Amino acid sequence: WPFHAPYVKAINDIKKTRNAVILAHNYQTPEIYHCVSDYIGDSLQLAKLASKSDADVIVQGGVYFMAETSKILNPEKTVLIPDAEAGCSLAASITGADIRALRRKYPGVPVVAYVNTSADVKAEVDICCTSSNAVKVVESLGVDTVIMVPDRFLAQNVAAQTKVKIIAWEGACEVHELFTAEEIEGFKADHPGLKVIAHPECPREVVEVSDFSGSTAAMIDYVRNKKPARVLLVTECSMADNIAAETTGTEFVRPCNFCPHMKRITLPKILDSLLYLRDEVVVDPAVAARARQSVQRMIDLG
Ligand code: 13P
Ligand code: SF4
């Protein structure tokens, strides 16, 4: 913490000069999440906040697809990502050309894209979804079959909650695909009374042995509202760190897995980003206009 203080002060000062806001995902480290961010949330909350922002500059505390979503919703604003190499295994697993090929293979079947995708992919699909609204989005289309890309585990977990048939892509989150049901059962055996809450990017069998599954924001709400004595958050490591910093009376049982992409964002890089206005996120205006329709349709669902 002592090493963070000068950066925290400098970042919070320069934010005012630039009329900038920092949008931080729930997987950002505590010094970013608690000390310099203006808004925090899951992917849906961040997309909604980005669409309402009146700042001139948005700094994305998160990964590239999140910054692209902010740019898509705010074409006139400067959107910065402190490290443009902050990718995502899901976003990297599919391209716009793949969506066009899926449409040829399954004519007339609507395509739902998780927001963890590039602007090119968002531009080709019918609607986006996040982990917190995926079932609602799938059912909103009023059809019996949808294509859902790119997360096969999210698709399986959604399929378990709806009668709509889901054709899935083969992508996976490199953080959540590592968890196994055996590992979770072992922790339950070792820690009596343990509540297990899993992100829906986890394999189906992990969600099946959990007490609750939801987006990162829903997981935080679960801990805040239910105040479990012992909890295992089956997700990225910063989640437990961030909630533990504001929670008393709950023991956070590990394991967790780090997202190497989220961890590329640091206080020194955020300061550089604000000082030198880099790395600026640029999306082709024609692609952004089509991608915006897919994101906006999701936001309009409420
Ligand atoms: P949510 O915060 O929307 O649950 O997404 C989790 C995630 O993996 C984002 O990269
Ligand atoms: Fe992508 Fe998974 Fe990292 Fe989220 S946690 S950015 S889904 S690799």
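**Exposed loops, cis bonds and ligand shells**

Lys227 counts as exposed, with 12 C-beta neighbours inside 10 Å.

User: Where does Lys227 sit in the chain?
Analyst: In this predicted model, Lys227 is placed in the loop between α11 (216-226) and β11 (230-234), and its phi is near 45°, which is a positive value in a residue other than glycine.

User: And Asn19, buried or exposed?
Analyst: Asn19 is exposed, because 10 other C-beta atoms lie within 10 Å and a residue with 12 or fewer is classed that way. Asn19 is found in the loop between α1 (5-18) and β1 (20-25), and although Asn19 is not a glycine, its phi is positive, at about 50°.

User: Switching topic, which residues does a cis peptide bond join?
Analyst: One such bond joins Val149 and Pro150, with omega about -5°, and Pro150 belongs to the loop between β7 (145-149) and α8 (152-159). Another joins Arg278 and Asp279, with omega about -15°, and here Asp279 lies in the loop between α13 (267-276) and α14 (285-300).

User: OK, now the ligands. Which residues come nearest to ligand 2?
Analyst: There are 13 residues around ligand 2, of which Val63, Cys88, Cys173, Val175 and Cys259 come nearest; by class, the shell divides into seven nonpolar, three polar and three charged residues.

User: What about the classes around ligand 1?
Analyst: The shell around ligand 1 has two nonpolar, seven polar and two charged residues, and the residues there include Asn26, Asp42, Ser43, Leu44, Glu201 and Thr216. Cys173 is also one of the residues around ligand 1, and Cys173 is listed among those that come nearest to ligand 2.

Key
Residues are numbered from 1 along each chain as its sequence is written. Chains are lettered from A and ligands numbered from 1 in the order in which they are written. This is a predicted model: local features need pLDDT of at least 70, side-chain atom pairs count only at pLDDT 80 or more; totals for chains, interfaces and linings use all residues. A residue is near a molecule or strand if its C-beta atom, placed from the backbone, lies within 6 Å of it. Ala, Val, Leu, Ile, Met, Phe, Trp, Tyr, Cys and Pro count as nonpolar, Asp, Glu, Lys and Arg as charged, and the others, Gly among them, as polar. Helices (H or I, at least four residues) and strands (E, at least two) are DSSP runs, numbered from the N terminus. A residue is buried if 20 or more other C-beta atoms lie within 10 Å of its own, exposed if 12 or fewer, and partly exposed in between; C-beta atoms are placed from the backbone.
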